[in-house]
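Please look through the sequence and the model before reading the points.

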Amino acid sequence: MVGESLNPAAEMLLRPLLRRAAAAAAASSGGARATALPEPPAALASLLLASRSYAKAKGGGKPAASTSNRGKVRAKDPRGGASADDADGDEFAAGGGGDELDAEFELPTDPLPPTYDPALDVGPGGRPLFAFTDTFGSFAHRNANVYVDFTLDEWNAMLPEGLPAGMMKEFQETRRCAVMVRKSFLDLRDNFRRIVDPAVTANLKDIKKQIVLDGPRSCGKSIALAMLVHWARTEGWLVFYVPQGKDWTHGGFFYRNTYSDFFDTPIQAAKILQDFLKYNETRLLQLPCQIFEPIPLGEGAGVGKMKGVDTVEMPEGSTLYDLIQTGITHTHASVGVVVRLRKELSLVKDVPVLFAIDQYNSWFTFSEFQEPVTVRSCRPIHAKELTMVNAYRSMLHNDMMVGAFSHSTAVGKLRQELPDVPSDARLMFPRYTLEEAETVCHYYMRQKIIRRESFSEEKWKKIYYLSNGNGSEMRWLAAFV
C-alpha cells in the first residue's frame, strides 16, 4: 500500500497523481479494465520535500479539507461499478464512493527543482524572479513585482498572532512561502513611513494616519496588511495586530457589564493579550504605565463576578507587560485590561505604534451573540455593543491605524460612510495589473503549477483576462495551462 511506504506528507502529495492516473484508465476507450497502478518509488517522497520553504511550510500538519469542486473532474468507471483499483487503494477514492474518482488539477505533484536556481528563477524580460532580503523596507517602486521568499518559521516568528487564510492557501498550493512585492503595497508602506521618518517628510502629500483597505475579494488586502506588519516590526515599531477581527465578535461567553452597559467577552480578551505579548514582550517590559486609575472588574469566564471587589489598581512603576499579565492571570480583569491597553498605547511616544486590524468590516455588523429579551425571543447584539470592539473600532483619533475588509467573512455589504471612520479613510486596493499578472504566472511556472512546455504569452494573458486579475482565480486557472 502507498500509505505504508511513504510518510503522510508525501502520501498526501502523491494522492492527486494517483487519482489522475486512475481516472484516465477508467475513461479509456472500449471500457477496458484499468491496469494496476505501479507503486511510486520511495525516492520521489524525498524529492517532493526537497524545497526548504515547502518542507517548513508543510510542518507535518494535515491540510484543511476542501468542500469545493473547482479544479476537479469526475470520472466514472465505464461499467458504472467499482474498478479493481478502488479495491486495491481505497485511500485515494473520492468521498469513500467506489464508483467515482476525483482527479485534482489545481495542485501540482511533480518534484520541485532546487530552492534557488539562477537558470530557473527568471521573471518577465529576463529579470530576477526573487529578491534576497530580510525586510520589505529596502524596496523602491522600481524594484516592485519581485518575490520575497521566507520560510514558514520566519513568517510565524514575525507574525505569531497568525497568518491570513489566503496567504496560507497560497503557500500550500505553490509549495513555497513567498509573496510578491506590489506597487500598491509599497504605496501603503510609504504612507506610514512618511509619517514617522523625518528624512522623507519633505514628500508629505496625501498622507493618512487612518486607512481602511477595501477592494474586490482575493485582491490581496490581507496579505498586504500582513506584509505591512512584518515591515513595521523589522523597523522596530510596536504593532497591535489582529489577523482575525471576526473572532472578537464570535465564540466564548458574553456578559452585560452593569457599569458600562456594554457586553464583555473575557475569553477573547485573554487571547488578545496573550497574542500581543508573543512578539512584543521585550518592548513592553521597557514601557511604563502612564494611567493609574482603577481598572473595573467584570464577570470572569464561567466563574461569575468577584464578591466585594469592583476594581483593581496597577502599582506605581508598573510596565505595560505587568498590565497585560494582570489581564491574563485574572479573568475578571481581562476585558478591562484590553480597554486600558488601548488608552496606554495611544500615549506611547518612545516608539511608533500601529494598530493593524484584519476583517475590520466584521466590527460594523451584528455579532453571533443574542441577548434574551423574553422567554421565547432574543435580540441580536451588534458588534459596537461589545466592550472591546467599542474601544478599538474608532478611527477618530491621531493614532496610526489600518483596517482591512475581508469579503470572505460573509458579513454583508456596508454603506460607504462608516461610523467612527473618517470619510477619506477608505482606500481601494486593486487586483493584479497586467504586469503583475505576468510575474505571477512566471512564478507559478517556476513552482510547476504551470507546465514550462505549455507556457506562452497568449496563455498567461488568457488566465489574466478570464480571472479579471483575481489572485485566487488566477492560481486555480493556472493549473489548466
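Both Phe 150 and Trp 155 are buried, where buried means under 20% relative accessible area, exposed over 50% and partly exposed in between (1.4 Å probe, protein chains only). The model is predicted: local features need pLDDT of at least 70, side-chain atom pairs count only at pLDDT 80 or more, and totals for chains, interfaces and linings use all residues. Residues are numbered from 1 along each chain as its sequence is written, and side-chain values use heavy atoms, with hydrogens and water left out.

**Aromatic rings**

- A search of the whole structure finds 27 aromatic pairs; rings of Phe, Tyr and Trp (its six-membered ring) pair if their centres lie within 6.5 Å, and planes under 30 degrees apart count as stacked, over 60 as edge-to-face and the rest as tilted.
- Phe 150 and Trp 155 form an edge-to-face pair, 5.3 Å centre to centre with 85° between the planes.
- Tyr 360 and Phe 364 also pair edge-to-face, at 5.1 Å and 80°, and both residues are buried.
- Ring pairs link a cluster whose members include Phe 240, Trp 248, Phe 355, Tyr 360 and Phe 364.

**Helix α12**

- Helix α12 covers residues 334–345; helices (H or I, at least four residues) and strands (E, at least two) are DSSP runs, numbered from the N terminus.
- Because 10 of its 12 residues are buried, α12 is largely enclosed by the rest of the structure.
- Among the buried residues of α12 are Arg 340 and Arg 342.

**Charge over a ring**

- The charged end of Arg 342 sits over the ring of Phe 355, 4.2 Å from the ring centre (NZ of Lys or CZ of Arg within 6 Å of the ring centre and within 35 degrees of the ring normal).

Methods. Expected span 1.5 Å × (residues − 1).
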